[in-house]
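Colleague: I would like to learn how to read a model like this one. Could we go through it feature by feature?

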Amino acid sequence: MLICSRNCPGPSSLSILALQVIPLNSINLENSQIYLSSDSQLHMDPNVSVQNPEKKEQSSVCVGREDDIKKSGRMTAVVHDREVVIFYHKGEYHAMDIRCYHSGGPLHLGEIEDFDGRSCIVCPWHKYKITLATGEGLYQSINPKDPSAKPKWCSKGLKQRIHTVTVDNGNIYVTLSKETFKCDSDFYATGDFKVIQSS
Ligand code: FES
């Protein structure tokens, strides 16, 4: 019996393949959605995409309506398997990886505050500050030789990956960053950590 693991209601594409009596050795099973199990049955692997992954990651994805984010100030979305948060703050849109670069905290639940004139999301877990515009981690430094001096705000560099937001005809689109540098937030945007739990 042929099985489609996506539980398609009608005859699966695999059934059509069988009716056309395509010999198994003519199907390229490498990197395919189709695999042969130990009991000689054909299965489809829902985790394998047939799309060109590079092409997929370049496309922008509609994540919602401008009216909605203007009311709530933020929204979350999954863009090509990557979880992002989109903020609407002071008339501008900002998108970034949803999990904090420090330890995976849920940035969509943080407060936005200004530090040194820069708008930042404050992670609800350990209060790290991340600039909305650039994804820099900010911290305050004190000169140990002059502890009475006012602490200075400094940047740790780009820590949270920022994505591009565009608005077209009232729809909001997110395009994932194509920057090739390694960003700390990548760790929590991929692999076992990529699905955020409701908190
Ligand atoms: S997880 Fe965000 S500050 Fe620690």
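Colleague: Where is Gly170 found?

Modeller: Before that, some ground rules. This is a predicted model, in which local features need pLDDT of at least 70, side-chain atom pairs count only at pLDDT 80 or more, and totals for chains, interfaces and linings use all residues. Residues are numbered from 1 along each chain as its sequence is written, and side-chain values use heavy atoms, with hydrogens and water left out. Helices (H or I, at least four residues) and strands (E, at least two) are DSSP runs, numbered from the N terminus. Here, Gly170 lies in the loop between β12 (162–168) and β13 (171–175).

Colleague: Which residues is Gly170 in contact with, leaving aside its neighbours within four places in sequence?

Modeller: Contact means heavy atoms within 4.5 Å. On that basis Gly170 is in contact with Gly64, Arg65 and Glu66.

Colleague: What about His89: where is its place, and is His89 buried or exposed?

Modeller: His89 is in strand β5, residues 82–89. Its relative accessible area is 19%, so His89 is buried. Not counting residues up to four places away in sequence, His89 touches His94, Ile112, Asp114, Ser119 and Leu132.

Colleague: How many residues are in the largest nonpolar core?

Modeller: A nonpolar core is a set of buried Ala, Val, Leu, Ile, Met, Phe, Trp, Tyr and Cys residues joined through side-chain atoms within 4.5 Å. The largest has 13 residues, and Val63, Val79, Ile86, Val165 and Val174 have the most contacts inside it. At least two residues of this core come from each of β4 (74–79), β5, β6 (92–97) and β13. With three residues, β4 gives the most. A second, separate core of eleven residues includes Ile98, Tyr101, Leu107 and Ile121.

Colleague: How many helices and strands does the protein chain have?

Modeller: The protein chain has four helices and 13 strands. Of its 199 residues, 37% count as buried. Among contacts between residues at least 6 apart in sequence, 45% join residues at least 24 apart.

Terms used: Buried means under 20% relative accessible area, exposed over 50%, partly exposed in between (1.4 Å probe, protein chains only).
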